[in-house]
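Work through the exercises below with the sequence and the model side by side. Try each task before reading its solution.

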Amino acid sequence: MRVTITKRHCEISDELKARTDVVLEKLVRVASRPQSAEVILDDDHGAKMVEIVLVLPRGQTKVAKAESNDFRTSLDSAAAKVRNQLQKESRRPQHGVTGE
């Protein structure tokens, strides 16, 4: 899976980059065959914003944004939102498939 980390108006530490890799590894376990992931870290006048874009097969894309006072909190919150989207998708019944 291809992972892209984009920094806007900020510099990130090696610790935050490692944390981002760990969070994405956990999301990959929940996702079904992810093709790519993009994490955008943005510092906008003191507000730390994180956006996670996870591209799945068949053109599916899961996107989540979170904003807080620090990147770690924003990263964890955005990852939780993507995880929630993935879990909702797995619980949804498949069209045309019966449970018999």
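**Exercise 1: Contacts of Leu-54**

Task: Find what Leu-54 is in contact with, leaving aside its neighbours within four places in sequence.

Solution. Contact means heavy atoms within 4.5 Å. Leu-54 then meets Met-1, Ala-31, Pro-34, Ser-36, Ala-37, Gln-60, Thr-61, Lys-62, Val-82 and Leu-86.

Before going on, note the basis: this is a predicted model, where local features need pLDDT of at least 70, side-chain atom pairs count only at pLDDT 80 or more, and totals for chains, interfaces and linings use all residues. Residues are numbered from 1 along each chain as its sequence is written, and side-chain values use heavy atoms, with hydrogens and water left out.

**Exercise 2: The core**

Task: Which residues of the largest nonpolar core touch the most other members?

Solution. A nonpolar core is a set of buried Ala, Val, Leu, Ile, Met, Phe, Trp, Tyr and Cys residues joined through side-chain atoms within 4.5 Å. Buried means under 20% relative accessible area, exposed over 50%, partly exposed in between (1.4 Å probe, protein chains only). The largest core has 22 residues; Val-39, Leu-41, Val-50, Ile-52, Leu-54 and Val-82 touch the most other members. H1, E2, E3, strand E4 (61-68) and H2 each supply at least two residues of this core. H2 gives the most, with six residues. Helices (H or I, at least four residues) and strands (E, at least two) are DSSP runs, numbered from the N terminus.

**Exercise 3: The sides of H1**

Task: Which residues of H1 are buried, and what covers them?

Solution. Start with the buried set: Leu-16, Thr-20, Val-23, Leu-24 and Leu-27. They lie on the same side of H1, because they cover an arc of only 100° around the axis. The arc is that of the directions from the helix axis to the C-beta atoms. Now turn to the other side of H1: Asp-14, Glu-15 and Arg-29 are exposed there. The cover over the buried residues includes strand E1 (2-8), strand E2 (36-44), strand E3 (47-55) and helix H2 (71-91).

**Exercise 4: Strand pairing**

Task: Do E1 and E2 run parallel or antiparallel, and how many bridges join them?

Solution. Two strands pair if DSSP finds at least two bridges between them. E1 and E2 run parallel, joined by seven bridges. Lys-7 stands opposite Leu-41 in E2. E2 also pairs with E3, in the antiparallel sense, over nine bridges. There, Asp-43 faces Lys-48 in E3. E2 and E3 form a hairpin with two residues between them. In its turn, His-45 has a positive phi of about 55°.
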